[in-house]
Amino acid sequence: MKKSKLNIWFVVLAVCAFSLTNELLAQGPPINTDSPILLGLEGGGFRTFGKIVSTDLGETYIQPLAIPYNLTTNLQIGAIQPFVTRFPKNGENQSGFGNLSLFAKQMLLQIDSKAKTFRSLLKFTQTFPTGASSVSADVYSSQFMLVTGFVTLDYSLNTSIGYSFVSENLPDNLVYNFAFGYPLLPQKYPPFQLNLYLELNGQHTFDVNKSILFLSPGIQLITSSIFLVESSLQFPIVDDIGIMNFTYSLGIRYLIF
């Protein structure tokens, strides 16, 4: 009899935890900043988006395909393959596959409480010079990044900071991001949510001591527990190089498993 009651309580707690997780995930991951949530739309599936980068030298269109897969609830691996088309103001258009990136995310800390969660993970990304030489530099890069996030039913805060080691005697980079998310609709399951995001996305290049920092407003529509559409516009508020105009992205995420 006691064992039967324990089983019932276990099922109740499991259902409550599942419902809470889905409510929290209804906010969705940030658009330009990494998320420490390895479930839901950050799990097995794919993400793709079209991104336009406008500079004084011309425009670039990037179409990456990201495929993450959860080996366990605390370990995720994945690959990112972009297709790049460049439209320089001086010269001929160029297009081809960009460099391939492989990544792994390992959960370091997870603290769950009523209607909120704090999580932290370590991400490693290795980029290989597999792209067409006309659109991609023939260099390797290795990046270590610490990703943290605090998610409640009312808002979410995500941060990431990473260091990139670059080959061919090129300068290393420090990458840093911050994202604030705000859901506009009441939480429910199955999720249907409209989220607003305001992000800061920056990079500092060592040796040359040049920095760029974007202010990135965005909007995200989650239509179910397996699909979302998102869009973001990035404006440079710090640009030491002085050629960046803006970037714009529009894309989807789809959960397969």
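**View 1. β13 gives the largest share of the lining of the largest cavity, three residues.** In this predicted model, the lining consists of Ile31, Arg47, Phe49, Glu230, Ser231, Ser249, Leu250 and Gly251. By type, the lining splits into three nonpolar, three polar and two charged residues; here Ala, Val, Leu, Ile, Met, Phe, Trp, Tyr, Cys and Pro count as nonpolar, Asp, Glu, Lys and Arg as charged, and the others, Gly among them, as polar. The space inside is about 30 Å³. A cavity is a set of points on a 1 Å grid over the protein atoms alone where a 1.4 Å probe fits but cannot get out, and lining residues have an atom within 4 Å of a point.

**View 2. Six residues form the largest nonpolar core.** Look for Leu38, Met107, Leu121, Met145, Val147 and Val175. Such a core joins buried Ala, Val, Leu, Ile, Met, Phe, Trp, Tyr and Cys residues through side-chain atoms within 4.5 Å, where buried means under 20% relative accessible area (1.4 Å probe, protein chains only).

**View 3. Val175 and its neighbours.** Leaving aside residues up to four places away in sequence, Val175 touches Gln143, Met145, Ser160, Ile161, Gly162, Ser164, Gly202 and Gln203, a contact being heavy atoms within 4.5 Å.

**Notes.** Residues are numbered from 1 along each chain as its sequence is written, and side-chain values use heavy atoms, without hydrogens and water. Local features need pLDDT of at least 70 and side-chain atom pairs count only at pLDDT 80 or more, while totals for chains, interfaces and linings use all residues.

Terms used:
Buried < 20%, exposed > 50% of the residue type's maximum accessible area, 1.4 Å probe, protein only. 1 Å grid on protein atoms, 1.4 Å probe; cavity = no way out; pocket = protein on both sides within 12 Å on 5 of 7 lines; lining within 4 Å. Points joined across faces, edges and corners; volume = space filled by probe spheres on them. Helix = DSSP H or I, 4+ residues; strand = E, 2+ residues; numbered from the N terminus.
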